[in-house]
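Here is a short briefing for someone meeting this structure for the first time. Please look over the sequence and the fold before reading on.

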Amino acid sequence: MSDQGSQVEQDYLNYKVLLDLWSKENPIKTTKLQMLLAVNGLLASAVNISGGVSGSKWYVYLAAAVFCLIWMFSIGRTVLFQDIWQHKLQELQTRYPNDSRFSILQTKPYRERVSPLSRAFGAVPSKWYLLFSPFIFALVWLTVLVISLR
């Protein structure tokens, strides 16, 4: 095998590893989002069951806001590495534009073939709602904290 051929094969092995790393971040993001939603739902229910918002529960609101901010950074780190893997994958795809093995993530021509409803609901990149959900929850809990201390 020529040096160029062995380089292509080495790059393809690297591509497969990067694709595996990139794809393994998806269930991690999903789990983190589901836990964020579940914990906030439980906290809101607990506040409601215990008599509603009151100043005596300030520590719950503060803890909830801190948890949400920690979640934001945790999800942010997962999104960061998924973006890094994707940029490395794109770099390899650019290096070999005529080799279809490096074009797995090129989906643009196929998006036009799916239903408008799928395109509409799938148009928002997951990283935006993954990053902003915990931030918004943190702001809500901080607002509840401020209101409860008045």
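Is Gln-93 buried or exposed? At 15% relative accessibility, under the 20% cut-off, Gln-93 counts as buried. The model discussed here is predicted.

**Two residues**

- Gln-93 belongs to helix H2.
- Leaving aside residues up to four places away in sequence, Gln-93 touches Phe-102, Ser-103 and Gln-106.
- Ser-6 lies in helix H1, and its relative accessibility of 33% makes it partly exposed, because that value falls between the cut-offs of 20% and 50%.
- Ser-6 and Pro-125 are 119 residues apart along the chain, and their C-alpha atoms are separated by 36 Å.

**Helix H5**

- Helix H5 covers residues 126-148, which is 23 residues.
- At 1.5 Å a residue, H5 should span 33 Å, and this agrees with the 33 Å between its end C-alpha atoms.
- The buried residues of H5 are Leu-130, Ser-133, Pro-134, Ala-138, Trp-141, Val-144, Leu-145 and Ser-148.
- In an α-helix there are 3.6 residues a turn, so residues three or four places apart point the same way.

**H2 against H5**

- The axes of H2 and H5 come within 8 Å and cross at roughly 165°.
- That angle is over 145 degrees, so H2 and H5 are roughly antiparallel to each other.
- The crossing of these two helices, H2 and H5, is left-handed.
- In the contact of H2 with H5 there are 21 nonpolar, 2 polar and 2 charged residues.

**H1 against H5**

- H1 packs with H5 at an angle of about 20°, and the axes of the two are 11 Å apart.
- Because this angle is under 35 degrees, H1 is roughly parallel to H5.
- H1 passes H5 in a left-handed crossing.
- On the H1 side, the residues that meet H5 are Lys-29, Leu-33, Leu-36, Leu-37, Asn-40, Leu-43, Ala-44 and Val-47.
- On the H5 side, they meet Ser-126, Tyr-129, Leu-130, Ser-133, Pro-134, Phe-137 and Trp-141.
- The contact of H1 with H5 is made up of 11 nonpolar, 3 polar and 1 charged residues.
- Leu-130, Ser-133, Pro-134 and Trp-141 of H5 are among the residues that meet H1, and they are also among the buried residues of H5.

Key. Residues numbered from 1 in each chain as written. Predicted model: local features only at pLDDT ≥ 70, side-chain atom pairs only at ≥ 80, totals over all residues. Heavy atoms only, no water. Helix = DSSP H or I, 4+ residues; strand = E, 2+ residues; numbered from the N terminus. Expected span 1.5 Å × (residues − 1). Buried < 20%, exposed > 50% of the residue type's maximum accessible area, 1.4 Å probe, protein only. Axes fitted to C-alpha atoms, helices over the stretch in contact; angles between N-to-C directions. Parallel < 35°, antiparallel > 145°, perpendicular 65-115°, else oblique. Left-handed = near helix turned anticlockwise from the far one by under 90°. Nonpolar A, V, L, I, M, F, W, Y, C, P; charged D, E, K, R; others polar. Contact = heavy atoms within 4.5 Å.
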